[in-house]
Amino acid sequence: YLQLALFIAGGALLVVLVSLMWVRTLRRLVNLKTAEIRLRKEQLEATSRELMVEKAQLRTIFESTPDALSLKDSRGVYIDCNAGFQALLGRSREQIIGFADSDIFPDEHVAAGIRAHDLDALRLGKPHRFEASFKGVDGRVTELDVIKVPVPMHDQEVVAVLGVARDVTERHRAESELRIASVAFESQDGMVITDAQGVIER
């Protein structure tokens, strides 16, 4: 009986030791996994903070540039714009966001032309640059240097078109003045310079 009792006790002790080792191993694995999860969480929080700072910086740049900036989805609906774009159109943000060019511009040819440039940028998959004249609600004509840029996401699918319009009216006027001065300087004849309506300018 003594040998049997010792054998049973030894077996029970072995089971207890194996169980303790198993519990210890499990505890170690749980602690390692918990530390890994905590580290990932801290990394995600740090990345999230960095993204929020970057987003705020981009928003500041977007809003503070004097150029007119707009962002449209692939269907041509405005999803964002800055104060420069609002000033150019003479409309508030609420009158732009959620609308397409055909909703904003009464002249269907103007709206179709703008949409054609958006589609060119989407089709080409690269920035598309052109110059355009824009007549504002006050009747003033503004000469614009425009760039349409397709905006891809991480999967490279183009989902938006960024429009950047810079007022180059003064530059055009200065270039015109230089051309007139050049012709007048080279000419030996007397001349009168008029505008398109025949009003004498010089």
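Modeller: Start with Y78, which is buried at a relative accessible area of 3%; buried means under 20% relative accessible area, exposed over 50%, partly exposed in between (1.4 Å probe, protein chains only). F85 is buried too, at 8%. This is a predicted model, where local features need pLDDT of at least 70, side-chain atom pairs count only at pLDDT 80 or more, and totals for chains, interfaces and linings use all residues. Residues are numbered from 1 along each chain as its sequence is written, and side-chain values use heavy atoms, leaving out hydrogens and water.

Colleague: How many aromatic pairs does a search of the whole structure find?

Modeller: In general, the distance of the centres and the angle of the planes describe a pair of aromatic rings. Here the search finds 2, counting Phe, Tyr and Trp (six-membered ring) centres within 6.5 Å, with planes under 30 degrees apart stacked, over 60 edge-to-face and the rest tilted. Y78 and F85 are tilted, at 5.4 Å and 40°. F105 and F134 are edge-to-face, at 6.0 Å and 85°.

Colleague: Which parts does the pair of F105 and F134 tie together?

Modeller: F105 lies in the loop between helix 3 (101-104) and helix 4 (108-124) and F134 in strand 3 (residues 128-135), so the pair links parts 29 residues apart in sequence. Helices (H or I, at least four residues) and strands (E, at least two) are DSSP runs, numbered from the N terminus.

Colleague: And what does L89 touch?

Modeller: Leaving aside residues up to four places away in sequence, L89 touches I96, I104, F105, F134 and V137, with contact meaning heavy atoms within 4.5 Å.
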